Amino acid sequence: MSRTTWDPALYLTFDDARSRPFFDLVARIGADAPRRVVDLGCGPGHLTEVLARRWPDAAVEAVDSSPEMVAAARERGIDAVLTDVGSWTPRPDTDVVVTNAVLQWVPTHPELLARWVEMLPPGAWFAMQVPGNFGAPSHALSRDLADRRGLTLRDELAVREPADYASILGGPDVDVDVWETTYLQRLTGDDPVLTWITATALRPVRDALDDDAYADFRAELAPLLREAYPVRPDGTTWLPFRRIFAVAHKRS
Ligand SMILES: C[S@@+](CC[C@H](N)C(=O)[O-])C[C@H]1O[C@@H](n2cnc3c(N)ncnc32)[C@H](O)[C@@H]1O
């Protein structure tokens, strides 16, 4: 499948709920005065700004492979560059790397992780978060419908399990902190799960189908999602969302 296009404004819908794992992730980074902080897959840059505020003396490097996201980040004053993480390597002064909700789009990321951590200087921190919900009804139902249209969406193999990341990142000179959390997202509005996945998981479907076919796809998916995630008596819809976190610290 070709490059996924992103809609920065749509992605920022549910910003609060989508950003929470980022804050839980970076809370585990212990760097005091990093020389360079990198946001790999920076998206619209709103969270890169958080990194820049936390470490105001650091050089901030932001990369993303989406021209739309890079443009949105630049509009915020983040000097983002258009780069695929597959061709990114850390500069020698890179003391912190954060990659939040990105590596699930990068099938080769396990090999990249091992290489990046090897290349980071002593004392550096590497922090990553990926969704662990590819088997959830939201994704399984989308995948089935896409499959019937000849489209292949990512499955459970898009990410590894927490223990795999601990093995990949850990080593004699690297301490690892790996965990998972299932957030119960309490959503409101009509078809909120469909809206939630529209900005992320459905991007490849949006790219592959014309307007009418995409509208048909959504019309078929909507009732299935409503059944899998029923509206509660108080009007909210609950979406359990599992996420996997790993923080590696190279000893000085
Ligand atoms: C779900 S968004 C996350 C954005 C931001 N990190 C955040 O937490 O809000 C995923 C981002 O990963 C970027 N991305 C996906 N594959 C990439 C790749 N191979 N190289 C660089 N960026 C990539 C997308 O363009 C998108 O901006």
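Modeller: A residue counts as partly exposed when its relative accessible area falls between the limits for buried, under 20%, and exposed, over 50%. The model discussed here is a predicted one.

Colleague: Why is D191 called partly exposed?

Modeller: D191 has a relative accessible area of 23%. Buried would need a value under 20% and exposed a value over 50%, so D191 is partly exposed.

Colleague: Where does D191 lie, and what is its phi?

Modeller: D191 sits in the loop that runs between β6 (174–187) and α8 (192–198). Its phi is positive, about 45°, although D191 is not a glycine. A101 is likewise not a glycine and has a positive phi, of about 60°; A101 belongs to the loop between β4 (94–100) and α5 (109–119).

Colleague: Why is D207 called partly exposed?

Modeller: The relative accessible area of D207 is 30%.

Colleague: Which residues is D207 in contact with, beyond its neighbours within four places in sequence?

Modeller: They are R3, T4 and T5, each having heavy atoms within 4.5 Å of D207. D207 itself is part of helix α9 (residues 203–208).

Colleague: What lines the largest cavity?

Modeller: The lining consists of W105, H139, S142, R143, L153, R154, A201 and P204. Helix α6 (residues 137–148) supplies the largest share, 3 residues.

Colleague: How many residues of that lining are nonpolar, polar and charged?

Modeller: The lining divides into 4 nonpolar, 2 polar and 2 charged residues. The space in this cavity is about 70 Å³.

Notes
Residues are numbered from 1 along each chain as its sequence is written. This is a predicted model: local features need pLDDT of at least 70, side-chain atom pairs count only at pLDDT 80 or more; totals for chains, interfaces and linings use all residues. Side-chain values use heavy atoms; hydrogens and water are left out. Helices (H or I, at least four residues) and strands (E, at least two) are DSSP runs, numbered from the N terminus. Buried means under 20% relative accessible area, exposed over 50%, partly exposed in between (1.4 Å probe, protein chains only). On a 1 Å grid over the protein atoms alone, a cavity is a set of points where a 1.4 Å probe fits but cannot get out, and a pocket is an open set with protein on both sides within 12 Å along at least five of seven lines; lining residues have an atom within 4 Å of a point. Grid points are joined across faces, edges and corners, and a volume is the space filled by probe spheres set on the points. Ala, Val, Leu, Ile, Met, Phe, Trp, Tyr, Cys and Pro count as nonpolar, Asp, Glu, Lys and Arg as charged, and the others, Gly among them, as polar.
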